[in-house]
Amino acid sequence: MMGSAKWSRLTSRQAFGLAFGSIIITGLIFLAIFGRWLIPYDVEAMHFDHLKEFPSSEFLLGTDRFGRDVLSRLILGTSTTMLIAGASTALATIFGTIIGLSSAFYGGIFDKIAMRVIDVIIAFPTLVFAMFVIGVLGSGIFNGIIVISLLFTPSIARVVRSAAISIVVLDYVNVARMRGERTLYILFYEVAPNLYPTILVEASIRFGMAILVTAGLSYIGLGPPPPAPDWGTMASEGRSIMFSNPWPVFAPSIAIVLAVIGVNLLGDGIGALLVAKPSRASGSNVK
Amino acid sequence: MRTKRLDANGLSVGVVTGFTLFLLKRVVGSILVLVAISMILMGIIQFMPGDAVDMLLRGISPDAVNPEVREALRRDLGLDLPVWHQYWNWISGLAQGDFGQSYTLKVPVGPIIFSRLASSLILAVPAIIFMIVLGIGLGVLAALSANSPLDGAIQLISLVAIAMPAFLVGSLFLYVFAVKLHWIPAAFNAVDISLFNTWETITFFFTALIFPCLTIAAETVAHVLRQTRASMVEEMKLNYVRAALLRGLPQGYVIFNHVLRNALLPAITVIAINVGYVLGGVIVVEFVFSYPGIGNLMLTAILTRDIPTMLGTMLVISAGYVLANFVADILYSILNPRIRLS
Amino acid sequence: MKHNWNIPFSRRKLMTGASAALATTAIYGTLGPKKAWAQSIQRGGTITLSVPGPVSDLDPHKVVSHESYPATFHIYSALTRIGSDFNAEPELAESWSTNDGGKTWIFKLFENAKFHNGRAVTAEDVKFSLERVLDEKISPRGFSSIGPIKSVSAKDRYTVEIELTTTYVDLPVDLGGIYPRIVDRETVDQIATVPNGSGPFKLASWEPTGNTVLTANKEYHINGEDGRPLPYIDSLRIVPIKEPSSEFAALQSGAIDVMLQLPFDIIPEAQNNASINVSATASGYHSISLHQKPTFSLPNDNAHLLKDIRVRQAIAHAINRPALLKLAIGGFGTVGNDQPIPPSHVYGHTGLEPRSFDIEKGKQLLAEAGVEPGTRLILHTTAGRPGLLEHGLAVREMAKAIGLDIAVDAIDISRYWTDIEYRAPMYMDNWGARQTINASIKPFYETGGGNNTAGYSDPVLDAVLNQAESEPDFSSRKALYNQAMEMISESAVTIIPYFKGYYIAMNKSVGGVSAHPMTYMWLDRAHKKA
């Protein structure tokens, strides 16, 4: 892979972060895929005699207001959250890269129009717009993925474009053009490989934000409808019994926090590993 | 910072043109963006299932409603008009400052939106100030003590702060301080402010708002912090810094007049972007704390399919964000004239 | 509480606070002697009432959401007021009578009742107001809910004659409901912003989407225990608080005095709190509506199966009603028998047992109907009303025992109203009490009825309901309604496993307030104790 990975570049703190982040993310992906075979109880089973219980040997994280096992729901919630956050990030990355690359490469009218449109979409504060659209069109996994990818695509496009612009003008690209190589080839084999690090870092940040936006929407009631064991929904449902038993709220909340921390650490680590120097105007804090 | 241009006779010409032109371009651009947003909003609403009349007739079997009556009610609200006609009515009203009449409340929407906006600003502005001051301050601190334990601690806290969703922080604050300890009111509009004198009003607002503001600000502080730190660390590596220090200039002077200035440029962009996050965070916090701001107004309007209010609130929120970006752009260009000319 | 409907109502004595609190689980135990009672009522003060959402309508004929009732009921009086025992009490009408068994009614108004602007309330105003409600375009929600009125005429300045299309003994009760409030015919154009009613409170300020403040009407025509006009308090603040836990915290801290709706989760905590009184009554129910003519169906939802009575009864037998009651609403209610009238109601059918919890019977019925184990059905519900989602999820669990796979589809409340209610094959619904027996059954089960959630059509039932509506004799009427209830329960088109309790909570310093089975709240007899 281009953008050589120099392990020596990492400080010990960054290395620790990278390791920690990788462990968390790997764990989450593992749970997301294999979770349904690992859960001790059926996520929908209501144990009428065990309502709102604290953690015990029978129910490791306790039960919620319906008597459902919190641990099982937490594990299965991993796949819902990972699905929405992951799919929207993946879609946004793919489309954002395509748009950003094309914009940088072709320039001209296409570039100008694309940038204007991107300006408009970026002008919407993400969460507000997501609430509006989902409030209007209805909640659900599909709608959530579409809305979040739509909102994240422009930021990725912009980052990719600014990174790509500096490469597209390089000599060896021009040489390839003159050689008559097909555009797609140039884009994919000459330009893109230099962008992997930037794209990866940006995608990891987006992934973290996607998890937070998903959880936020679910909390307000605009997420995948019950009985889906989504983390945000779990936190919202547990809200009213927080006096008597805070576990149904704490467990998914801690899961959210851990997931986002893991993703961010991983992203930082990869960034430090692969990128020579972070560019100023873009990077870790683009919305 | 303005370039002086001289014409053939050596007289300065177009001194102001450069900046004014830039300003004008940006203003026009912002307005165009808002127009585009208004069209997009209107478009999305067309896909909404159910309209205000359905809400009016809810709970009654559709078989039992006279279709003529339903049509008459829709006509009263202008819901039978084609989209472009409704859009035109709305936009031309807006141009005169009229936001239309609420479908559900039968009163003009404009005054409601703006009074709610004022309430939200009471939350948002302190949060933004907090974000800027704390974000830049901690960022500089972390950069100056890079790789030390202090830096590590600051980075760790910011890492966790970014990961904590606003609703979680807000709910925790609410439960601990309002529901359990009764230090802050659990519901703002329940308290009868008219009974307070001036001092009591001030202390009330302060104690009541501190937690919602903290909630909103937490994540944004972390973003600004990280960016400031990163830019400063990069800037300090540059040759001119070492050169200036070698020449004997005091460290404080170098840091604040050169390093910080240059490092702040990307920070301004990040701040502008995070203003957008503050706006989003305000809505979540309003929901959690039952605070009567513009966010709750929008959420209620969506629920009741009150289109004028929905459009009005969304537009105002977006306008606020466009304004923030506009200000950031101008500031950026003042500080960095090179951008202006590109 | 039986009444012989054929005799004219005698001129009632002015209602005292004591008799108003009779039929519900009131917070006062025994009633002391009148003198002591009068002494304990202190005048003055403000009561703050919390409601789940803001007052959004000030026109009583057009009101949509129940959060607006505390405003419209207090600003605008109606001819009668519905008591906690569902009997009509005088409000603007001092007395009423019928000489032909209930087809023509005469209402005599209080002659000293005035609108807030000083003008006297006359029969012309009553005629104007009732005709306004009867106009479907002005009041699409109210026009069919105030009785089978043919015409209203003003016989003299203070006498109104109402002619009905059929004999109907509950007219006085219907005229105390949500919609038929008396408005001033001269100022009706400004009704949406400058209300002019004759109620015990006047509007002081209204923030759309915010607080509403009412002040006492010093010229109110009904007196309190101490011989001076009601209300006892000076002003009433109506405060919307959406989050129930925030609302309760505000009650605990004293920021609010009365909570209109105490959520089931919080009832135990409220009952344990020494500074809070809880008042309870029965009101309403949840139902699983099995629609006979749905407007849509989804793939694999087997909607046609619900037309088979055996399938419906099988589902009804699979439900463990006490467990469901506990799970969905914390046990705060009573077990139901698949029809809408609670046994405690004056027309209630005490002989109708709830369907047994019988898994074997359920499986047997399904087998008879030829339903394979594992057959899928879709139950639509919403989280927008408390208990409905929990109820749906629990039904899913319980149905597994008889081999049915009921998938739960939960959507937000707005789409529920526009897409699901009255349309989907199988869905949860939530209803409050209605003021008359007729309003509680007829619109729900007659062919084409305005609240016929199951799209049910049975000509025999229609005939029974029509006959019962206009039956003047109480015991015959009760027998007819009981017959209807049996038919409804047998058909199992609406599975009603329990009746909900309705709880309110208030600060201990508030007196004269108790839960009303219609979930209405009048605060003109409320007072703050020292």
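This is a short talk on how three chains are built and how they meet in one model.

A caveat before anything else. The model is predicted. Please keep that in mind throughout.

Let me start with chain C. Chain C has 15 helices and 20 strands. How does its radius of gyration sit against that of a compact globule? For 530 residues, a compact globule would come out near 24 Å, and chain C has 24 Å, so the two agree. Along the principal axes, its C-alpha atoms fill a box of roughly 70 × 55 × 45 Å. Of the 530 residues in chain C, 56% are buried. Now the contacts in chain C with a separation of 6 or more. Residues 24 or more positions apart make up 71% of them.

On to chain B. Here we have 13 helices and two strands. The radius of gyration is 25 Å, but a compact globule of 342 residues would be near 20 Å. The C-alpha trace of chain B spans about 90 × 70 × 40 Å along its principal axes. As for burial, 40% of the 342 residues of chain B count as buried. Take the contacts in chain B with a separation of 6 or more. Residues 24 or more positions apart account for 72% of those.

Look along H10(B) and you find a kink of about 40°, centred on Leu260(B). Then look just past the end of the helix. Ser290(B) has a positive phi there, of about 50°.

Let me zoom in on Val260(A). I leave aside its neighbours within four places in sequence. In chain A, Val260(A) is in contact with Gly208(A), Ile211(A) and Leu212(A). Across in chain B, Val260(A) is in contact with Ile162(B) and Ala163(B).

That brings us to the interfaces. First, A with B. Contacts link 37 residues of chain A with 43 residues of chain B. On the chain A side, four helices each supply at least two residues: H3 (108-122), H4 (126-137), H7 (183-220) and H9 (247-274). H4(A) gives the largest share of that side, nine residues. By class, the chain A side has 24 nonpolar, eight polar and five charged residues.

Second, B with C. This contact takes 37 residues from chain B and 39 residues from chain C. On the chain B side, the elements giving two or more residues are H2 (52-56), H3 (67-77), H7 (166-180) and H11 (294-304). H11(B) has the largest share of that side, three residues. Sorted by class, the chain B side has 22 nonpolar, nine polar and six charged residues.

That is the tour. Thank you.

Conventions. Residues numbered from 1 in each chain as written. Chains lettered and ligands numbered in written order. Predicted model: local features only at pLDDT ≥ 70, side-chain atom pairs only at ≥ 80, totals over all residues. Contact = placed C-beta atoms within 7 Å. Nonpolar A, V, L, I, M, F, W, Y, C, P; charged D, E, K, R; others polar. Bend = angle between axes of the 7 residues up to and from the residue. Rg over C-alpha atoms; globule rule 2.2 N^0.38 Å. Buried ≥ 20, exposed ≤ 12 C-beta atoms within 10 Å, placed from the backbone.
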